[in-house]
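Here is the note you asked for, written for someone opening this structure for the first time. Please read it with the structure in view.

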Amino acid sequence: MNPAHPDQADTPRNFTYLLRCADGTLYCGWTNCLEKRLLAHNQGRGARYTRSRRPVELVYYEVFETKQEAMQREWAIKQMTRKQKLALFQGDGKKGIHMKKYDYVLVGSGLYAGIWAHEARKRGKTCLVVEKRSHIGGNVYCEDMEGIHVHRYGAHIFHTSDRAVWDYVNRLAQFNRYTNSPVANYKGEMYNMPFNMNTFSKMWGISTPAQAKAIIEEQKQAVTGEPANLEEQAISLVGTDIYQKLVKGYTEKQWGRDCKDLPAFIIRRLPVRFTYDNNYFNDLYQGIPIGGYNVIIDRLFEGCEIETGVDYLEHKDHYDALGEKIVYTGTIDAYFQCRYGRLEYRSLRFETQVLDEENHQGVAVVNYTDRETPYTRVIEHKHFEFGTQPKTVITREYPADWQEGMEAYYPVNDQKNQALYQKYAELAAGEDHVIFGGRLAEYKYYDMDKVIASALARTAEEFR
């Protein structure tokens, strides 16, 4: 629902207000006519509490569209200590009258903003969500095609070893037992991922960990000293054969540059193990929410007002005037009009197709690791939820150089961009009423559980 503008005379008004009584105590209530209610209090026809404490003075009020919102805010204020109530209208040049409609304006609607919304609403706070896309949910948004929950912005498999985060998301949705076991296709040769004994057995025709270690150790000798780039790091972990077939082409497509020009630490995200174990993640918990990620998103933003198809930065003054605080999850350089120059990102392009067959590739994710195949992977979405639909939906994922107007997916985490980000981070620290959080605002790669943990930590600090 779009928020009404304050200057629209026919907009329904509901007020949450604070009175200072003759004995110095404070009283909180709600009404749909502030002037009449104040008069009633001073005539002894108001609340029982104020009848013996007249005259009363209006010191603070907030305006809402609905009675429910005003009552929720009344309840929240009544839970405050006297000191917290006084802080609403005293100090910092406050004049005692509060005209901002929302406690928080949330820019973006991914997981970071969703956690903020959920935690704020639990405390009776009011939130407006401003989303540039036509839907909420950020990159975990799913759309229904042929009865299949399609991950519109690429595969998202939830995994974590943080029990608190796992318990949190399971209160929002029920998770299935999906285990991520992708397969690599190198020019028609199929290899299990992550790199494990199944991979090594297929690659070299061996059967024991000792054999695999011996081959890898011999091939690792091609790199001496500390790895200086991704190519050397990969060879130091899995040898030249695995690197050439399963790492090099895929990574160069993904990042749009030669492996020799990429930092070594990127490859550390790939598990390597000498067991017959195709489980990609080492985390204790993993799965997919039953019904898709929209189940979680709908719960997180329940009770919020939402505007989609709106660019916050194009209407910044308007939205800043509506909220006490802004939670900003967009690109941090754009917030500051790229004052120091643009940060670099990698983008993605998705090509989704419905196929008139029940099972296309037998697994949810197939990585194409040769350099010549233009896409990096193919997702068959029904396998995330063990679907048995008569048709299937696949998505080919193409890496792309990011340009203005495109979706920014991955920060280019090199020395130049990190130095530029630090300049923007210093500017962000000076924005007293803006909270910057999430993958784009913090210019860092985030797994979903880490985004949730970060948002929970920041909300705990905000609401302590």
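The points below go from the whole chain to its sheets, its helix pairs and a loop residue.

1. Overall. The model is a predicted one. The protein has 464 residues, of which 54% count as buried. Its C-alpha trace spans about 95 × 50 × 35 Å along the principal axes. The accessible surface is about 22000 Å², and carbon and sulfur atoms hold 47% of that area.

2. Elements and contacts. There are 14 helices and 19 strands in the protein. Taking the contacts between residues at least 6 apart in sequence, 70% link residues that are at least 24 apart.

3. The three-stranded sheet. Strands S2, S1 and S3 make an open sheet in the order S2-S1-S3, with antiparallel pairing. Which strands stand at the edges? They are S2 (26-31) and S3 (57-64), and each has a single partner strand, so one side of each lacks a neighbour in the sheet. From one strand to the next, the twist averages 20 degrees.

4. S1 and its cover. Strand S1, residues 14-20, is joined to S3 by seven bridges in the antiparallel sense. Within this pairing, Leu-18 is opposite Tyr-60 in S3. Helix H1, residues 34-42, packs on the sheet and touches S1, S2 and S3. The direction of H1 makes about 35 degrees with that of S1.

5. The five-stranded sheet. Another open sheet has five strands in the order S12-S5-S4-S13-S19, and its pairing is parallel. Its edge strands are S12 (305-308) and S19 (434-436); each has a single partner strand, so one side of each is without a neighbour in the sheet. Direction ignored, neighbouring strands here are turned by 15 degrees against each other on average.

6. S5 beside S12. Strand S5, residues 127-131, runs parallel to S12, and four bridges join the two. One of the residues involved is Glu-131, whose bridge partner in S12 is Thr-308.

7. Strand S16 covers residues 377-380.

8. Side chains of S16. In a regular strand, side chains alternate between the two faces of the sheet. Which residues of S16 point one way, and which the other way? Arg-377 and Ile-379 point one way, while Val-378 and Glu-380 point the other way. All four are buried, the charged Arg-377 and Glu-380 included.

9. Helices H6 and H14. Two packed helices are described by the angle between their axes and the distance between the axes. Helix H6 (residues 163-172) packs against helix H14 (residues 448-462) at an angle of about 95 degrees, and the axes are 10 Å apart. H6 is therefore roughly perpendicular to H14. The contact is made by Val-165, Tyr-168 and Val-169 in H6, which meet Asp-449, Ile-452, Ala-453 and Leu-456 in H14. By class, these residues are six nonpolar, no polar and one charged.

10. Helices H8 and H9. What is the angle at which the axes of H8 and H9 cross? The axes of helix H8 (residues 209-220) and helix H9 (residues 230-255) cross at roughly 105 degrees and come within 7 Å. This pair too is therefore roughly perpendicular. Ile-216, Gln-219 and Lys-220 in H8 meet a run of H9 residues: Ile-235, Ser-236, Leu-237, Val-238, Gly-239, Thr-240 and Asp-241. The contact of H8 with H9 holds four nonpolar, four polar and two charged residues.

11. Gly-291. Where does Gly-291 lie? This residue is in the loop between strand S11 (285-287) and helix H10 (294-300). Its relative accessible area is 27%, so Gly-291 counts as partly exposed. Apart from neighbours within four places in sequence, Gly-291 is in contact with His-149 and Glu-385. Gln-244 is 47 residues from Gly-291 along the chain, and their C-alpha atoms are separated by 39 Å.

Technical notes:
Residues are numbered from 1 along each chain as its sequence is written. This is a predicted model: local features need pLDDT of at least 70, side-chain atom pairs count only at pLDDT 80 or more; totals for chains, interfaces and linings use all residues. Side-chain values use heavy atoms; hydrogens and water are left out. Two strands pair if DSSP finds at least two bridges between them. Axes are lines fitted to C-alpha atoms, for helices over the stretch in contact, and angles run from 0 to 180 degrees between N-to-C directions. Contact means heavy atoms within 4.5 Å. Angles under 35 degrees count as roughly parallel, over 145 as roughly antiparallel, 65 to 115 as roughly perpendicular and the rest as oblique. Buried means under 20% relative accessible area, exposed over 50%, partly exposed in between (1.4 Å probe, protein chains only). Accessible areas come from the Shrake-Rupley method with a 1.4 Å probe; for residues, only the protein chains shown count as cover.
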